[in-house]
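Let's take a walk through a protein model together. Keep the sequence and the 3D view open while you read.

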Amino acid sequence: MTSRRHPTGRRYEHTQTQRFRRTNGRASPSLWYKNEGYNDHEKVCINEEVAGISGFLTPSQSGFQGVLKHRFADVIVHELSLSSKQPITLQNVAKKSKNVQLVVQERVLDFVLGTRTSHEKNTGHSQQDKDQIIGAVRQVARKLQQMSLKLQKCGQKAQEAYHLRQLVVLMTKEIGEKKGKDFEQFLAKVEQTRVEFESKKQQNKDEAALAAADGLSFYLGGLNDKADRVSIHETMRRYGKTRIVADTLTIGSDTAVIRVRPQFAVKLLPSARDDKRDWPVGQPDYLQFTLYKRNKDTTAVINQLASMLKIPSTHFSYADLKDKRGITTQLCTVYHVLKERAQVLFRPGGLKKLEDQQFIVGDLRYVSRKIELGECAGNRIAMVIRSLPEDEKELSEKDIRRAVRSWETRGFINFFGLHHFGNVSTSYHLLGRAVLRKDYKLAVLLLLRPQEGEASKTRAAREHFRQHKDVAAALRMFPPFLVPERAVLEGLQKHGIDAHELAFNSIPKTFRVSFVEAYQYFVWNEMASMRISKYSSMSAVVGDFVLKKKVDSNISRTLNGASEPERKRQRTGKSTRRQSIQEVVELTEANVDQYLFEDVVLPLPGHAIKYPTNEIGAAYRKLLMTDGIDLNAHFGPDGSQTYLLDGSYRHLVRKPTRVSFQLKCYTDPTEPLIPNDVDHLLANAPASLLDNSIPDDKARLLSNEQTGSAVVQRALVLEFDLEYGSDATIAIRELMKQSSSVQVNWQTPSSEAGHDDVAKVINGSSVVYSASSGSKAAIISPQVTKSGRDNTRKVMKTEKKTQVAIGRPGFSLGRS
């Protein structure tokens with residue numbers, strides 16, 4: 001398995017197509033990046049302040065210490081259905097369907113032989129009687145199967161005739177009554193010719209087809225509008241695919257003609273077969289399925305499924321990208337994949353048990369439209385916070401209840417989480433700022449400069465390039481999973497060492513878009529922090545914005561293009577991906593009392609949005625001016641945009657809903673404390689998952705004598721709903737009053753492990769102590785004075801991860 005960086009900054013795993021070939025304990029030369037010096041990296045994460053995150057909504061409410069995401073099984077996420085608002089769960093696992101004839105045999109035999117069991121004991125029938133019954137049942141099932149096939153063929157013929165009549169009606173509307181009659185006569189002649197071909201094809205199939213279709217074509221002219229041609233092609237493909245094939249001929253520079261020919265002749269010509277025509281008429285275009293995954297990115301699983309089906313990953317769609325660390329369940333759709341094929345390819349395989357599968361697909365069914373991004377009501381999240389303070393005086397159940405109720409009532413600041421800013425010491429928003437300033441030289445410098453925590457040889461390669469500008473040597477040393485860096489180096493090698501813009505634009509667009517979006521997220525976080533610190537965190541103020549009340553509640557239909565006229569959607573065949581920006585209302589003295597604090601929104605920077613009229617709006621403009629950003633300077637001569645910079649509005653505060661919590665005890669830190677979908681399917685949830693609550697204080701203070709040498713620890717199991725776009729880690733940050741950095745959330749208290757860092761909350765500030773030395777490692781304070789936005793080297797590091805090298809040692813710079 002190799003690791004690649006996702007555009008949002010996370011790394012995802014994908015299957016390595018080339019197998020490991022080891023010789024004398026060393027990897028093959030193609031896997032040189034597995035060698036010694038490429039595995040000694042450190043986990044790094046930027047400080048919250050670098051991403052613009054500071055402060056809490058309720059600083060007066062005390063937090064508590066705990067370990068978040070200690071195991072990936074401690075986070076279970078279920079997507080919420082847009083219609084029912086209920087969690088999506090895995091109900092049935094994909095499996096190969098049985099033949100109808102075998103199913104009939106099994107069920108009839110089970111019924112007959114089951115009812116005869118008691119009768120045979122009294123009458124003493126022999127085995128010969130059973131064999132006769134089995135033979136008779138098989139014969140009946142075979143005849144039923146044959147009868148079913150005949151009825152299926154009759155139904156197919158009737159359906160084809162109906163579709164041809166519909167085709168004539170629709171085409172007459174498109175091309176007029178006169179040409180419609182000509183087209184109807186053409187179809188009748190095609191049908192007659194097809195019958196002749198069927199009778200002669202036994203002699204010579206190719207010659208018979210070409211002879212039968214000789215000169216049999218129908219032409220439609222006067223269709224210079226591409227939308228009209230697309231509409232006609234889609235109509236013929238949908239209703240006439242069993243009889244005719246249409247293509248477009250270009251005559252001259254501006255004349256296009258549609259040619260229609262018999263399908264039985266065209267399908268035999270080289271490169272003339274179109275798999276789209278094999279899709280059953282009347283069957284929905286999309287196959288919907290439930291995706292259950294464990295500790296894997298959504299994109300990684302989708303890429304693997306696409307590889308199994310041998311189709312592009314762009315044929316898949318989903319409502320939301322789920323994080324890797326956790327067990328998640330969501331709905332996905334795939335375009336033009338038969339259910340029977342998916343059941344065979346997606347069924348769990350290998351020697352792993354169902355509960356050990358990295359992902360499971362199930363609940364397959366056809367739907368008429370794909371799932372659009374954002375087309376969900378949010379997520380239902382179950383999360384375990386382990387290693388709570390053991391002393392009841394330090395953290396009692398009453399304290400937790402008070403903190404949870406305050407969190408549920410007041411909510412949290414809806415920051416963009418740290419995962420949007422990458423997993424390296426140079427935050428993605430700095431690259432985005434350089435791109436928006438069109439300072440591509442700085443962008444290349446920031447991307448290729450040495451990074452904190454990187455593997456030693458990767459860092460040496462960056463340092464060597466910084467000093468010597470040796471592109472060829474850097475390309476030999478940069479690992480293949482550093483996709484943006486290698487793309488820039490290849491651009492420099494192709495266009496020249498000073499062609500910074502051309503080199504940077506060689507980076508795949510998904511990465512470049514993530515850099516620009518990270519800068520927009522940074523500006524929003526800065527302004528949200530300023531809004532909370534400068535103004536009231538209890539009520540809206542004059543100058544704030546709120547979203548205008550919707551006239552039509554079904555806004556999702558507008559976003560996915562379903563509100564377009566049917567004629568237009570039929571011609572384009574695509575839904576608009578550019579979401580409309582909702583209108584906002586500016587609060588004044590007259591209407592400020594009509595809105596709640598949770599109604600307030602802040603703009604994501606763009607040229608199509610408005611800025612608040614109070615000090616926050618002035619701060620927006622000042623920040624953009626200081627950074628040298630002009631969002632209107634990114635339009636092309638034709639009005640197009642390289643990056644979508646329209647902007648949008650985001651709620652300043654969000655509240656979790658349907659909140660419930662429970663305190664549990666555990667002695668084994670690897671013990672799961674919440675059941676998942678597979679546990680429910682197998683009905684083997686451990687007893688500890690069903691009822692492991694602590695009813696009273698005596699149970700919480702179990703002695704070591706009662707439980708053996710194991711230390712009893714406490715955990716908080718929290719369940720809540722979040723709306724789409726909100727970050728669960730940011731929500732928990734408000735509850736616990738500690739940094740959302742993984743280095744803080746994953747720290748293990750000294751009572752559990754003696755040499756890990758400990759995160760403590762002191763007066764609203766998270767302080768990380770080293771248990772081995774007692775020294776203070778880092779301070780993350782919500783009200784700390786900022787040292788400047790350019791302090792990008794402010795990172796937090798965990799213990800170095802070293803692995804046994806499997807490759808050849810001594811791989812140095814300048815050597816291939």
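By the ring rule used here, the count comes to 15 aromatic pairs. That rule takes the rings of Phe, Tyr and Trp (its six-membered ring) and pairs them if their centres lie within 6.5 Å; planes under 30 degrees apart count as stacked, over 60 as edge-to-face and the rest as tilted. One of the pairs joins tryptophan 407 and phenylalanine 720: the ring centres are 5.2 Å apart and the planes stand at 85°, so this pair is edge-to-face. Tryptophan 407 sits in helix H9 (residues 397–410) and phenylalanine 720 in strand S21, so to speak a link between distant parts of the chain, 313 residues apart. Ring pairs also tie Tyr428, Tyr440, Phe504 and Phe515 into a cluster.

A word on where this comes from: the model is predicted, so local features need pLDDT of at least 70, side-chain atom pairs count only at pLDDT 80 or more, and totals for chains, interfaces and linings use all residues. Residues are numbered from 1 along each chain as its sequence is written, and side-chain values use heavy atoms, with hydrogens and water left out.

**The whole chain**

The protein chain has 25 helices and 25 strands; helices (H or I, at least four residues) and strands (E, at least two) are DSSP runs, numbered from the N terminus. Buried residues make up 46% of the 816 residues in the protein chain. Here buried means under 20% relative accessible area, exposed over 50%, and partly exposed in between (1.4 Å probe, protein chains only). Contact means heavy atoms within 4.5 Å. Of the contacts in the protein chain with a separation of 6 or more, 77% are between residues 24 or more positions apart.

**Some buried residues**

| Residue | Relative accessible area |
|---|---|
| Glutamine 713 | 9% |
| Tryptophan 407 | 2% |
| Phenylalanine 720 | 0% |
| Aspartate 74 | 0% |

Glutamine 713 is found in strand S21 (residues 713–722). Its C-alpha atom is 8.7 Å from that of proline 669, which is 44 residues apart from glutamine 713 along the chain. Aspartate 74 has its place in the loop between strand S4 (67–68) and strand S5 (75–80). What does aspartate 74 contact, leaving aside its neighbours within four places in sequence? Ala382, Met383, Val384, Arg386 and Ile674.

**The cores**

In soluble globular proteins, nonpolar side chains tend to be buried together. A nonpolar core is a set of buried Ala, Val, Leu, Ile, Met, Phe, Trp, Tyr and Cys residues joined through side-chain atoms within 4.5 Å. The largest one has 107 residues, and Leu652 and Ile732 have the most contacts inside it. Helix H16 (residues 509–534) gives this core its largest share, 12 residues. Not counting residues up to four places away in sequence, leucine 652 touches, among others, Phe412, Trp524, Ile532 and Phe597. A second, separate core of 20 residues includes Ala94, Phe289, Ile311 and Val334.

Last stop: an open sheet of 3 strands, in the order S6-S8-S7, with antiparallel pairing. Strands S6 (218–220) and S7 (244–251) stand at the edges with a single partner strand each, so one side of each has no neighbour in the sheet. S6 and strand S8 (residues 255–262) pair in the antiparallel sense over 3 bridges, where two strands pair if DSSP finds at least two bridges between them. Tyrosine 219 stands opposite arginine 259 in S8.
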